[in-house]
Amino acid sequence: MTAANLALRRQNKAKRLQKVGRLARGKFVSPDNVPQVLKRIIEPGDILCLEGDNQKQADFLASQLASLERKDLRDIHLVMSCITLPAHIQLFKKGMIRQVDFCYAGPQGTAVADLVKAKKFPVGAIHTYNELYARYYIDLTPRVALIAAAQADRKGNLFLAANTEETPAIVEPTAFSDGIVFAQVNEIVDTLPRIDIPADQVDLVVQAPYPMHLQALFTRDPAAITDVQVLMAMVALRGIYEKYGVQSLNHGVGFNTAAIELLLPTYGERLGLKGKICKYWMVNPLPTMIPAIESGWVESVFAVGGEVGMERYTAAHSDVFFTGRDGSFHSNRAMGQLAGHYGIDMFIGASLQVDINGNSSTVSKNRITGFGGAPNMGCQPAGRRHPTEAWLKVGAEANPGPGSPPGRKLVVQMVETFQAGRVPTFVEELDAQDPSIRKALHGVTPVMIYGDDVTHIVTEEGIANLAACRSIAERQAAIRSVAGYTPVGLKRRKRDTEELRRRGIVQFPEDVGVSPREASRSLLAAQDIKGLVRWSNGLYDPPPQFVDW
Amino acid sequence: MTRGPLFHEQTARQRIAALVDPGSFDELLPPPERITSPYLAQLGIPVSFDDGVVIGHAKIGGRKVYLAAQVGQFVGGAVGEIHGAKLTGLFKAAARDRTPCIVIVESGGVRLHEGSAGEIAIAETMRAIFECRAKKVPTIAVICSDIGAYGGMGILSTCCDFRVMTEHGRLGISGPIVIEKWMGKKAYDSSNRALVWKTSGGKTKYLLGDADSLVLDDAGAIREAISKLLGKSSAVSLKAVKARQAELAKRLKRFGQTEDADAVWKGMGVRDIEAASLASGPEFAAMAKREK
Amino acid sequence: MEKFTKAFPSKPLKARTAKPWALAGVVGSGNLEVLLERAGASGTMECHVETSIPGYKSSWLAALADFATHYPAGGTKVTIHDQGAPPVLVNLRLRQAYDHLTGGDK
């Protein structure tokens with residue numbers, strides 16, 4: 001064997017870049033040449049990574065890719081976090097994709113379900129973010145990665161601005177395995193504010209004709225929070241945050257947790273909880289956190305991504321948010337997910353469906369969404385070794401056996417018993433268990449968070465402490481007890497509920513010192529987006545669809 | 001920075017309770033009388049005990065007033081036959097008893113399901129309002145929610161002596177969606193909330209003189225504004241009407257061609273548009289005055 | 001529209017209440033109004049429901065029965081106009097009306 005045979009990938013990469021030839025000037029490609037360049041750098045059989053998560057999208061490169069035909073591009077193994085753009089769906093419709101491995105398909109969930117039905121969606125697996133990033137280093141290493149950045153300098157160094165997100169997690173495995181990294185940028189400048197990706201790891205750059213798409217994903221208008229959500233937030237604050245002394249946490253993106261954030265400076269302050277709970281956050285810069293930050297509740301916030309409109313606010317609050325030397329906000333999806341997995345006392349989020357065993361899912365027969373990051377945070381990290389007050393306290397309730405860790409992470413599902421349109425949240429069996437979905441996923445039911453990992457379920461009826469249940473039957477009875485007037489709830493036996501309540505496993509609002517008649521929107525620190533802007537002293541710039549002044 | 005309930009978020013009954021002297025409200029045709037819309041029932045639409053308007057008399061600062069509060073959540077606060085008859089009767093009673101009458105408006109206008117009856121009721125109510133004004137009995141419209149006062153209720157509001165508004169309130173005749181439908185999205189994009197409020201919101205209406213006071217979104221502030229107006233009336237005279245018409249002609253000439261919503265604010269002396277946008281009602285009123 | 005009437009056994013309401021009737025809530029999308037009046041036999045809570053969303057009678061009856069069990073509401077008449085409120089609001093409005101009836105308006 002000769003030495004040359006030991007670096008075949010490197011030789012192959014050089015050959016592909018050579019074929020690009022004059023279509024690029026150095027690393028720089030003009031937008032018109034992008035389809036031609038893509039044809040020359042991607043080969044049949046490649047693992048191709050297209051950057052795009054639930055916020056940031058390499059949308060120009062995606063659209064250029066989708067403009068090609070099957071004769072130009074076929075037999076592709078697509079790996080990407082989120083299938084969110086119509087262009088992504090085109091790749092499947094044109095038959096270019098041999099296999100896809102992904103995390104989430106939010107806005108295209110219906111289109112994905114249709115492709116599955118038409119057998120045009122050859123899925124390997126649906127992952128969590130970190131799970132997919134992990135596989136980029138194992139068996140799904142990209143041959144070519146199409147990524148997005150805010151700015152490039154003349155050497156090809158990249159600045160990622162507030163939305164670093166998953167770019168490093170894609171670039172590193174690609175660049176260090178002789179793959180090709182092709183970046184679309186909003187602009188090319190002489191000097192970058194800071195270097196997030198060194199030019200050394202970037203092969204090609206195009207200045208896109210329009211700025212990359214950024215979704216305002218975490219903006220929740222306080223005006224849409226209901227009295228019922230305020231009630232649930234009060235119950236959660238007293239029955240969980242206060243009880244366990246939750247110091248570090250992650251919040252989902254729903255209105256339930258937005259209500260909690262907005263209650264901290266009012267109801268939380270009244271309970272004397274400031275400085276005792278909610279100090280360290282792994283969460284995106286949520287506008288609804290502004291009042292709590294301004295009131296001095298929050299020590300630090302690390303984020304997986306940015307949020308449109310929060311740039312000036314986060315830059316001005318570098319004591320709370322992670323910022324670069326240039327002073328602007330920094331995020332990192334892989335590291336944020338890692339922090340949310342190992343470093344926090346509590347994950348609290350919502351779901352569309354919860355079954356009687358506490359399994360939850362957002363998948364239905366007509367809408368396949370996937371996971372994103374919630375399962376990484378909403379699980380018991382088996383590798384955790386460091387104790388915290390909350391971790392030990394839940395652990396003690398769970399009565400661990402001789403072969404299990406002494407503590408548990410709080411994994412809380414906070415749901416109203418009914419979704420909009422009187423659709424029950426609680427079901428005997430998840431829609432995700434549909435045979436056609438399971439078949440497409442090689443026998444796996446797409447469960448967002450497993451019942452075994454969930455420690456508490458909060459509804460408007462009260463709290464079910466699943467960690468403290470001693471049997472499957474007991475867990476089911478606890479879930480029925482807080483499932484209200486859904487068919488699942490109506491099957492509860494009064495005697496079971498009373499016994500569980502006596503043991504503190506089921507708690508109603510009055511059991512944790514909350515009077516439902518107190519639950520009112522007037523408790524929220526801000527009742528609308530304008531209120532948030534006022535709290536921010538004018539530093540928050542909400543997206544136009546939220547502005548009515 | 002915690003505060004009491006926001007007025008625009010309260011229900012009609014809560015608003016009345018928050019505005020009047022404690023325990024002084026006496027409801028006319030209260031819910032147990034069950035005077036509900038026969039038309040809605042026939043159409044299979046849920047009815048409401050008060051048909052979308054709560055009426056009665058009460059005291060504000062010891063002074064007797066007649067009072068109506070529309071329920072915006074119930075078919076958009078729209079005026080049907082019973083709803084309209086309650087308003088008409090209330091203003092007639094106000095004229096008869098020479099007692100000030102306040103209407104807290106939250107309505108898109110006539111209820112389409114009972115069109116003619118609603119139209120007639122609004123016309124009759126306007127007549128009763130002018131009867132009050134002829135007798136110098138103060139009439140006040142309070143417009144404080146984003147449903148606002150539109151259609152017939154927009155006209156009715158401007159028939160009253162005075163209008164108290166908050167930054168949340170909106171006042172107009174055709175609603176934003178109707179304007180967009182007839183003039184096109186290019187001329188008026190009803191989904192552009194900033195544009196809608198810049199053209200029909202409380203701040204703009206105050207600048208143009210259509211609102212007499214611009215107050216905080218709070219029952220105490222609204223009560224104070226009402227109290228100040230209760231002793232006054234603005235007579236309807238040929239001179240006053242002509243003066244108002246001249247003002248309107250001037251406004252049309254000045255702003256009729258502009259496509260920039262900010263131009264009206266600038267033209268009326270507001271310099272720092274961004275600061276004025278974020279300012280509360282009274283802060284805005286102070287800025288407008290100072291910078292004039 | 002679906003209409004139904006049912007009386008539930010309940011412990012008698014206290015002899016003196018602040019008002020003869022109380023109203024809570026409004027008729028609007030996802031909301032309802034509850035009128036609670038002193039009326040009828042002292043051992044029952046008589047309920048009249050009109051709802052725009054048919055097909056949920058069993059959960060209505062369960063919610064009303066729970067209320068009649070938890071609160072002494074015998075000798076009252078409950079009339080509900082509903083426009084698709086979730087059961088939790090039914091419960092909340094009943095409690096609010098009950099508080100107003102027994103304790104007066106806040």
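Here is a walk through this structure, from one chain to the places where chains touch. Keep in mind as you look around that this is a predicted model.

Let's start with chain A, which splits into two domains: domain 1 covers residues 14-214, and domain 2 covers 222-530.

Staying in chain A, look for an open sheet of 8 strands with mixed pairing. Reading across the sheet in chain A, the order is E15-E14-E13-E16-E19-E23-E24-E25. At the edges sit strand E15 (300-302) and strand E25 (506-507) of chain A, each of which pairs on one side only. Further in, strand E19 (residues 410-414) of chain A runs parallel to strand E23 (residues 456-459) of chain A, and 3 bridges join them. To find your place there, pick out A:Val412, which stands opposite A:His456 in E23(A).

Next, a pair of helices. For helix H16 (residues 472-481) and helix H18 (residues 494-502) of chain A, the axes come within 9 Å and cross at roughly 95°. Angles of 65 to 115 degrees count as roughly perpendicular, and therefore H16(A) and H18(A) are described as roughly perpendicular to each other. On the H16(A) side, the contact is made by A:Ala477, A:Ala478 and A:Ser481, while H18(A) brings A:Asp496, A:Thr497 and A:Leu500. By class, the contact of H16(A) with H18(A) has 3 nonpolar, 2 polar and 1 charged residues.

Now hop over to chain B, which has 13 helices and 7 strands. How does its radius of gyration fit that of a compact globule? A compact globule of 292 residues would come out near 19 Å, and chain B has 19 Å, so the two agree. Along its principal axes, the C-alpha trace of chain B spans about 55 × 50 × 45 Å.

That leaves chain C, which touches both of the other chains. Its contact with chain A takes 15 residues from chain C and 11 residues from chain A. On the chain C side, helix H1 (57-70) and helix H2 (87-103) of chain C each give two or more residues, and H2(C) gives the most, with 7 residues. The side of chain C that touches chain A has 9 nonpolar, 4 polar and 2 charged residues.

The contact between chain C and chain B takes 16 residues from chain C and 12 residues from chain B. Here strands E2 (21-24), E3 (31-38) and E5 (76-83) of chain C each supply at least two residues to the chain C side. The largest share, 4 residues, comes from E3(C). By class, the side of chain C that touches chain B has 6 nonpolar, 5 polar and 5 charged residues.

Note on methods
Residues are numbered from 1 along each chain as its sequence is written. Chains are lettered from A and ligands numbered from 1 in the order in which they are written. This is a predicted model: local features need pLDDT of at least 70, side-chain atom pairs count only at pLDDT 80 or more; totals for chains, interfaces and linings use all residues. Two residues are in contact if their C-beta atoms, placed from the backbone, lie within 7 Å. Ala, Val, Leu, Ile, Met, Phe, Trp, Tyr, Cys and Pro count as nonpolar, Asp, Glu, Lys and Arg as charged, and the others, Gly among them, as polar. Domain bounds come from an automatic or database domain assignment. Axes are lines fitted to C-alpha atoms, for helices over the stretch in contact, and angles run from 0 to 180 degrees between N-to-C directions. Angles under 35 degrees count as roughly parallel, over 145 as roughly antiparallel, 65 to 115 as roughly perpendicular and the rest as oblique. Two strands pair if DSSP finds at least two bridges between them. The radius of gyration is taken over C-alpha atoms; the globule rule is 2.2 Å times the number of residues to the power 0.38.
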